[in-house]
Amino acid sequence: MIKVEPVALEFNGVRLEPLSLAHADGLRAAASDGELWNIRVTSVPEPHNVAAYIGDALDMPNRLAFAVIDLASGRVIGSTSYHDILPQVDRVEIGWTWYGKSWQRSHVNTSCKLALLSHAFDTLGCAVVGLRTDNFNHASQAAIERLGAKKDGVIRHHHLRRDGTVRDTVMYSIVRGEWPEIKSHLHYKLQQYAGPADR
C-alpha cells in the first residue's frame, strides 16, 4: 500500500515543494502572467483569491499540492498536485496543474511530469497514475496524450466550472507496465527543448 507524504522533488531546473501560504505572492505573480484566471476551463485563482486557493488545496482530503519553482530565478511559476490518492489500490492522480504563460510550451511541464511520475512509480510503488481534464480543454488533452497516457473515457456532467456550467471530465491513465517506455519517451522529449539555462 502506497504512503504519500509531503516531499520536495527537483529535476531539470525545476523544484516542486509542498504548497504553503509562503508561496502566495509567487503564485499571484505566476497567475498574472497571462491573466490565466480568465480561461474558463482552468482552476487558476484570481489574484485576490490566492490565499483561499492555497487554503482549499491544503484542506482537500487526499491531495498533496506543490508550488513549482524555477531554480535559476527562484520564482514560483505555477502549481501542480497529487490528488485522489487511493492507497488501497496504489493509485494517485496528477492534476490541478497550471503554469504562468511565459513557461507554457517550455521544458517545465515535461520536467514536472517526469518528476511526479518517477516519484509515483519508482519511489511510492504506484500501480497506476491517473490524469483528468475538462472536455473543452483541448490543449490539456493534447499535452496529456503527448505524455503517452491512455484515454480511459469521459465522465459526463461531472464537475462545476468557475462560470457555473458543468463540464464533462476526460480521464486518462498510465499503468505501471507502461511506465518504462513512457519514462524513456519523456527523457527523449526533454532533449528537444533548450536547457533551462538557455531560456
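Strand E1 (residues 9–11) runs antiparallel to strand E2 (residues 14–18), and three bridges join them. The model is predicted. Together E1 and E2 make a hairpin, with two residues between the strands. Asn-12 sits in that turn and has a positive phi of about 50°. Phe-11 lies opposite Val-14 of E2.

E2 also pairs with strand E3 (residues 63–70). This pairing is antiparallel and spans five bridges. Val-14 turns up again here: its bridge partner in E3 is Asp-70.

## Helix H2

Helix H2 covers residues 50–59. Its buried residues are Val-50, Tyr-53, Ile-54 and Ala-57. Viewed down the axis of H2, these residues fall within an arc of 95°, so they line one face of the helix. An α-helix has 3.6 residues a turn, so residues three or four places apart point the same way.

Asp-56 and Asp-59 are exposed on the other side of H2. The buried residues of H2 pack against helix H1 (24–32), E3, strand E4 (76–86) and strand E5 (91–99).

## Helix H1

In H1, the buried residues are Ala-24, Gly-26, Leu-27, Ala-30 and Ala-31. Around the axis they cover an arc of only 160°, which puts them on the same side of H1. Their cover includes H2, E4 and E5.

After H1 comes Gly-34. The phi of Gly-34 is positive, near 105°.

How values were computed. Residues are numbered from 1 along each chain as its sequence is written. This is a predicted model: local features need pLDDT of at least 70, side-chain atom pairs count only at pLDDT 80 or more; totals for chains, interfaces and linings use all residues. Side-chain values use heavy atoms; hydrogens and water are left out. Two strands pair if DSSP finds at least two bridges between them. Helices (H or I, at least four residues) and strands (E, at least two) are DSSP runs, numbered from the N terminus. Buried means under 20% relative accessible area, exposed over 50%, partly exposed in between (1.4 Å probe, protein chains only). The arc is that of the directions from the helix axis to the C-beta atoms. Contact means heavy atoms within 4.5 Å.
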